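Colleague: Could you walk me through this model? I would like to start with what your terms mean.

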Amino acid sequence: MSVDLHRLPNGFRIVTERMPDVQSAAIGIWVMAGGRDERADENGIAHFLEHMAFKGTGKRTTLQIAEAIEDVGGYINAYTGREMTAYYARVLEADVPLALDVLADILLNPRFETDEIEVERGVILQEIGQVLDTPDDVIFDWLQEVSYPGQAIGRTLLGPAERVRRFSRADLLAFIGRHYTPDRMILSATGAVNHDEIVRLAEGLFGGMQAAGRDGHEPARFTGGERREVKPLEQAHMALAFECPGYRDPAIYTAQVFSTALGGGMSSRLFQELREKRGLCYTVFAQAGAYADTGTITLYAGTGADQIGEMADLTMAEMARAAQDLTPAEVARARVQMKAGLLMGLESLSNRAERLARLVSIWDRVPGVDETVAHIDAVTTGDVRDFAARLAATGRAALALYGPVERAPALEALQGRLAA
C-alpha cells in the first residue's frame, strides 16, 4: 500500500492510497467548507447545498445521478460537518472514472431548479422536525449553542426552519462562489485506484477552476452556559461539555485518552458507576471531539426525573476523582481502545478515504499510522491526571438539559462540585 499526494496549480489536492488486494474503491471530494463558514443569515445553507447536489446537473437528472452509480452496483452519498462537506462514492475498480465524473458533475454543474429547491426544502424541514422530536439528538445542538454562543461554530448544522424556508437559488450560488474553490477541495481515493490515472482525470475535471484564496474561520470562543428545556418526556437527558485542545494541538491525544477512560466503554468509570453499580441510566458516555482551534469533551446520560440530581452529582464526582486516582491500568486500557479503534477503522475503504482527506486538510500531508500510534502511546497517567485537574480547576462548562429536568442541579452548582 502506498499513499501519494499531488497538488494541481490551482490548489486542488489529490491524495490516493492503492491497496492491491481489493477490487473496489472509495472516492470522494472533501470541501473545506461547512457550518463554520456560514454567515448568521445563512445558517443551514451548507447542509441545504449538500442536499441540492443530487437534484440534477447540466447533463444528469436527479434519477440519472442515482442510476449512474447504482447501475454499476455502487453507492453515493454526502454529509455536512462544521468545517467540511463531503461528497463520496463506493464503486468497483472499473467504475472509478465514472464515480469521479458524477462527483465532479454534481459539484461543478448543479442546476438548482426552482421546483427541486422547493422539494428539497420540504425534505430538510422534515429532517429538522425529526431532530427536534429526538431528545438525544437535539440536546447536542443545544449543547453546541451554549458552548459557543453567538458564533458560527455554535449554530446548528441544519439551521432554523425559518431560515431554511427563505433560502433561494441566489443564496446557494453565492455560498458556492465564496467557498467551493479548488484550493478548498481535496479528492481522496483508496482501494483499487491508480494515482496517475486519477490525477489525469482530476486535471481534466477540476484543473480549469480558479483559486480564490481561503478566508479564515472566526476564532472559536468557548464560554459555556446552560440551557434547560422542561418537557414531560420519559427520560431526563443531560449533556455536559468542557473545552479541550483542537486537533493541531498534541494535547488532543491526552484529552482523548481521558474521555475514553472516563466514559468510552463498558469498563469506563462512568459506565461502571452510573449504570453497572447504581442502575441510574441505560446510556452514558464521554468523548472528545476537535476542530481546528478548539475542541470539546462531551458527556451524556439519560435517566429518570427523580434520579437526575444524583446522576449529575456522581458524574462530577467521577471527573474530579480521575484527577486524583486514575490508574496506569485505566490509562493503558484507554490507549489500547484508541489504537484498536484506529486500526479497525482502517479496514473500511470509506474510513480510509475520509482519514486521508482529513489529514491532508490539517497537515497538508499524510502522517503514518505509526506516527499517530506513537502520539497515543506517549500519553502518561500523569498527563491524564493533570489534564483532568485542569478541567476541574478551570470549571468552565456548558450544560444542556431536556425532559423532566426540574430537579437537575444548575450549572453553577455542578461546577462548584467539580472544583471541590
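Modeller: A residue is called buried under 20% relative accessible area, exposed over 50% and partly exposed in between, with a 1.4 Å probe and protein chains only. By that rule Cys244 is buried, because its relative accessibility is 5%.

Colleague: What does Cys281 count as, buried or exposed?

Modeller: Cys281 counts as buried, at 8% relative accessibility. Where a disulfide is a pair of cysteine sulfur atoms within 2.5 Å, the count comes to 0.

Colleague: And what should I keep in mind about the source?

Modeller: This is a predicted model, in which local features need pLDDT of at least 70 and side-chain atom pairs count only at pLDDT 80 or more, while totals for chains, interfaces and linings use all residues. Residues are numbered from 1 along each chain as its sequence is written, and side-chain values use heavy atoms, with hydrogens and water left out.

Colleague: Now the sheets: what is the strand order in the open sheet of 6 strands?

Modeller: The order is β1-β2-β6-β3-β5-β4, with mixed pairing; strands (E, at least two residues) and helices (H or I, at least four) are DSSP runs numbered from the N terminus, and two strands pair if DSSP finds at least two bridges between them. β1 (2-7) and β4 (75-80) stand at the edges with a single partner strand each, so one side of each has no neighbour in the sheet.

Colleague: How many bridges join β4 and β5?

Modeller: β4 and β5 (residues 85-92) pair in the antiparallel sense over 6 bridges, and Ala78 stands opposite Tyr87 in β5. Helix α1 (residues 45-52) packs on this sheet, touching β4 and β5, and its direction makes about 170 degrees with that of β4. Here contact means heavy atoms within 4.5 Å, and angles run from 0 to 180 degrees between N-to-C directions of lines fitted to C-alpha atoms, for helices over the stretch in contact.

Colleague: Changing topic, which residues touch the most other members of the largest nonpolar core?

Modeller: Of its 69 residues, they are Phe12, Ile27, Ile29, Tyr87, Tyr180 and Leu187; such a core is a set of buried Ala, Val, Leu, Ile, Met, Phe, Trp, Tyr and Cys residues joined through side-chain atoms within 4.5 Å. Helix α3 (residues 96-108) gives the most to this core, with 8 residues.

Colleague: What is Ile29 in contact with?

Modeller: Leaving aside neighbours within four places in sequence, the contacts of Ile29 include Phe12, Tyr87, Leu100, Leu103, Leu187 and Phe206.
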